[in-house]
Amino acid sequence: MVNIAWLGLAFFFIVLEIGHPGLLYFLALACGSVGACVASWYEYSFFVQGVMFFAVTMVALIVLHLFVKKSLYDFRLHRSNVDQLVGKTVEII
C-alpha cells in the first residue's frame with residue numbers, strides 16, 4: 001500500500017513539473033519517488049525508502065545538471081543572426 005503512495009507522489013511531482021517547465025527539480029523528485037516505490041515493493045523499512053528517495057533524487061539532479069550544462073554548451077556553439085543584436089538598440093515599427 002505504501003508503494004501506491006510513492007507512485008502517487010511521483011505523479012504529483014510530474015504534474016508540478018508540467019506546470020513549471022524548465023526547473024527540472026520536480027522531475028528529479030519524481031525519479032526519487034519511483035526509487036522509493038521500488039524499495040517499498042521489496043518491503044524495506046520506511047527509513048530505507050527515505051534514503052532511497054534522497055539518493056535517487058540526488059543522482060537524478062546530477063544527471064539533469066550535466067544534461068542541461070551540455071545542452072547550454074552546445075547552444076553557445078551554434079550562434080544565429082539574432083546574437084548580433086545583443087546589446088544594440090533597435091527600433092520596432
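Leu24 is found in the loop that joins α1 (2–19) to α2. The structure is a predicted model, and its protein chain holds three helices and zero strands.

- Leu24 is not a glycine, yet its phi is positive, at about 70°.
- Most residues other than glycine have a negative phi.

**The chain as a whole**

- In sequence order, the pattern of the protein chain is α-α-α.
- The protein chain has 93 residues, of which 19% are buried.
- Among contacts in the protein chain with a separation of 6 or more, 55% are between residues 24 or more positions apart.
- The protein chain has an accessible surface of about 7,600 Å², and carbon and sulfur atoms account for 74% of that surface.

**Helix α2**

- Helix α2 covers residues 25–41, which is 17 residues.
- From its first C-alpha to its last, helix α2 reaches 24 Å, close to the 24 Å expected at 1.5 Å a residue.
- The buried residues of α2 are Ala28, Ala30, Gly32, Ser33, Gly35, Ala36, Cys37, Ala39 and Ser40.
- An α-helix has 3.6 residues a turn, so residues three or four places apart point the same way.
- Ser40 is located in helix α2.
- Ser40 is buried because its relative accessible area is 11%, and the cut-off for a buried residue is under 20%.
- When residues up to four places away in sequence are left aside, Ser40 touches Val2, Asn3, Trp6 and Gln49.

**The loop between α2 and α3**

- Glu43 is part of the loop that connects α2 with α3, and its position is just after α2.
- Glu43 is a residue other than glycine with a positive phi, near 60°.
- Glu43 is exposed because its relative accessible area is 71%, and the exposed class takes values over 50%.

**Helix α3**

- Helix α3 is made up of residues 46–77, and Val51 is one of the residues within helix α3.
- Val51 has a relative accessibility of 43% and so counts as partly exposed.
- Between Val51 and Gly32 there are 9.5 Å in space, C-alpha to C-alpha, and the two are 19 residues apart in sequence.

**The largest pocket**

- Rolling a probe the size of a water molecule over the atoms shows where empty space is left.
- The largest pocket holds about 150 Å³ of space.
- Sorted by class, the lining has six nonpolar residues, two polar residues and one charged residue.

Methods:
Residues numbered from 1 in each chain as written. Predicted model: local features only at pLDDT ≥ 70, side-chain atom pairs only at ≥ 80, totals over all residues. Heavy atoms only, no water. Helix = DSSP H or I, 4+ residues; strand = E, 2+ residues; numbered from the N terminus. Buried < 20%, exposed > 50% of the residue type's maximum accessible area, 1.4 Å probe, protein only. Contact = heavy atoms within 4.5 Å. Areas by Shrake-Rupley, 256 points an atom, 1.4 Å probe, with all protein chains shown as cover. 1 Å grid on protein atoms, 1.4 Å probe; cavity = no way out; pocket = protein on both sides within 12 Å on 5 of 7 lines; lining within 4 Å. Points joined across faces, edges and corners; volume = space filled by probe spheres on them. Nonpolar A, V, L, I, M, F, W, Y, C, P; charged D, E, K, R; others polar. Expected span 1.5 Å × (residues − 1).
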